[in-house]
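The following note is intended for a colleague who is meeting this structure for the first time.

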Amino acid sequence: MNAIELNHIHKSFGEFAIQDLTLTVPSGTICGLVGENGAGKSTTIRLLMNALRPDSGTAGVLGVDVSSPEFRAVKEDVGVVLDEAYYPETLTAAQVGKVMAATYRRWDQGTYDGYLRRFELPGKKPFKDFSRGMKMKLAIAVALSHQPKLLILDEATSGLDPIVRDEVLEIFNEFTREEDHSILISSHILSDLEKLCDYIAFLHRGRLLFCDEKDRLLEAYGVFAGTAEQLESLREEAVIGREASGYGGVRALVRREEVPAGLELERATVEDIILFMVKGAKK
C-alpha cells in the first residue's frame, strides 16, 4: 500500500493553479517536497488533509480517498505539523497534552512526556510565551504521541537551531524504521532533505517537475565548472541550467549520461539540482 497517492490533481486560485499533480509516496519511505514560496507545497498538504477540495483528480492517504467518510477515522493515523503551530495561547504544554488525550484514541501520555523532556519544553509556561522553535518542538511532540503511521510535515524544522534540528531529523529517521511508517516533509532547508529523504519531489509554479529517488537523482546529475567555451562544446540537451562564476567562468548542472566520458564533474547536491532547474526554466 502507498502512504500517499495524488492522481491528476487540479486546483485553481485565480492566476495560480496546481496543475495535473500526480505523486505517490510508497509506504515506509520519506519524501521531501521542495519548491519556491508559492510553488504549491502547502496547498498540496491541505489537499491531502481534505482541508481543500480539488477541482478535479483524487487524493488518497493510507489507502483511503480523503473525500470519503472513512477518511475521518484515518486521520487518527496521521500526525501533522504545519509551518505554524496553533494552540490556545493560554494553554501550557501539560494542558495541551490533556486536550490531545481527549482528542486521540491512541494518545500515549508517556511518549508525549518523554518528548517534552527530550526537547526541554517547560510544562507550565503558556504557549503564547514560547519561541517559534519551542512552538515547533511542541507540535512535533504532539504529532508523534498518538501513534501515527504517516507524518505530514510543513516546514517542521523551521525555527530550530542546528543542533535541535539534527536531533529532530534523527527522530524522524527512527520513526520510519517501522516498515509501515512514512513521512511527507516540505522544507526550504534542502540539506536536511538530502540527509533524511528517500525521494525528492520538486514543485515549480504548481507543476511537479519530478519525483524520484534521491540517490538516483544524485547519480544522474553533476556540476560542470569551467569556461563558457568549454560549456558551449557540450550537447545542448546535456545542460539543465547555468550560472556565471568568478573570473569569467561558468557553473552548470549537466546530465552525466549526456556528457563525454572522463569529463570531470563536481558532485551535485539536491540544492544544486533544484536551483539550476529553476534557472533553466527561466531561460
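1. Helices (H or I, at least four residues) and strands (E, at least two) are DSSP runs, numbered from the N terminus. This is a predicted model, in which local features need pLDDT of at least 70 and side-chain atom pairs count only at pLDDT 80 or more, while totals for chains, interfaces and linings use all residues. Residues are numbered from 1 along each chain as its sequence is written, and side-chain values use heavy atoms, with hydrogens and water left out.

2. Asp20 belongs to strand β2. This residue is not a glycine, yet its phi is positive, near 50 degrees. With a relative accessible area of 39%, Asp20 is partly exposed; here buried means under 20% relative accessible area, exposed over 50%, and partly exposed in between (1.4 Å probe, protein chains only).

3. Strand β2 takes part in an open sheet of four strands, ordered β2-β1-β4-β5 with antiparallel pairing. Two strands are said to pair if DSSP finds at least two bridges between them. The edges are held by β2 (16-26) and β5, each with a single partner strand, so one side of each has no neighbour in the sheet. Helix α1 (residues 41-48) packs on this sheet and touches β1, β2 and β4, where contact means heavy atoms within 4.5 Å. The direction of α1 makes about 115 degrees with that of β1; axes are lines fitted to C-alpha atoms, for helices over the stretch in contact, and angles run from 0 to 180 degrees between N-to-C directions.

4. Within the sheet, β1 (residues 2-13) and β4 (residues 56-61) are antiparallel and share five bridges. Ile4 has Val61 of β4 as its bridge partner, and Asn7 stands opposite Thr58 of β4. On to the next strand, β4 is joined by two bridges to β5 (residues 64-65), again in the antiparallel sense. One of the pairs here places Gly60 with Asp65 of β5.

5. Which residue in the turn of the β4 and β5 hairpin has a positive phi? The residue is Leu62, with a phi of about 55 degrees, and the hairpin has two residues between its strands. Leu62 is not a glycine, and its place is the loop between β4 and β5. At 13% relative accessibility, Leu62 counts as buried.

6. Lys75 is situated in the loop between α2 (71-74) and β6 (78-81). Its relative accessibility is 36%, and Lys75 therefore counts as partly exposed. From Val61, Lys75 is 14 residues away in sequence and 8.9 Å away in space, C-alpha to C-alpha.

7. In helix α4 (residues 109-118), Tyr112, Tyr115 and Leu116 are buried. Seen down the axis of α4, the buried residues fall within an arc of 105 degrees, so they line one face of the helix; the arc is that of the directions from the helix axis to the C-beta atoms. Among the elements that cover these buried residues are α3 (93-103), α5 and α6.

8. Helix α5 contributes Lys137, Ile140 and Leu144 to the contact, and α6 contributes Val164, Val168, Ile171, Phe172 and Phe175. By class, the contact has seven nonpolar, no polar and one charged residues; Ala, Val, Leu, Ile, Met, Phe, Trp, Tyr, Cys and Pro count as nonpolar, Asp, Glu, Lys and Arg as charged, and the others, Gly among them, as polar.

9. Another open sheet has four strands in the order β12-β13-β11-β14, with antiparallel pairing. At its edges stand β12 and β14 (266-267), each with a single partner strand, so one side of each is left without a neighbour in the sheet. Strands β12 (residues 239-244) and β13 (residues 249-255) pair over five bridges. Val239 stands opposite Val254 of β13, and Glu243 has Arg251 as its bridge partner in β13. The hairpin of β12 and β13 has four residues between the strands, and Tyr247 there takes a positive phi near 60 degrees.
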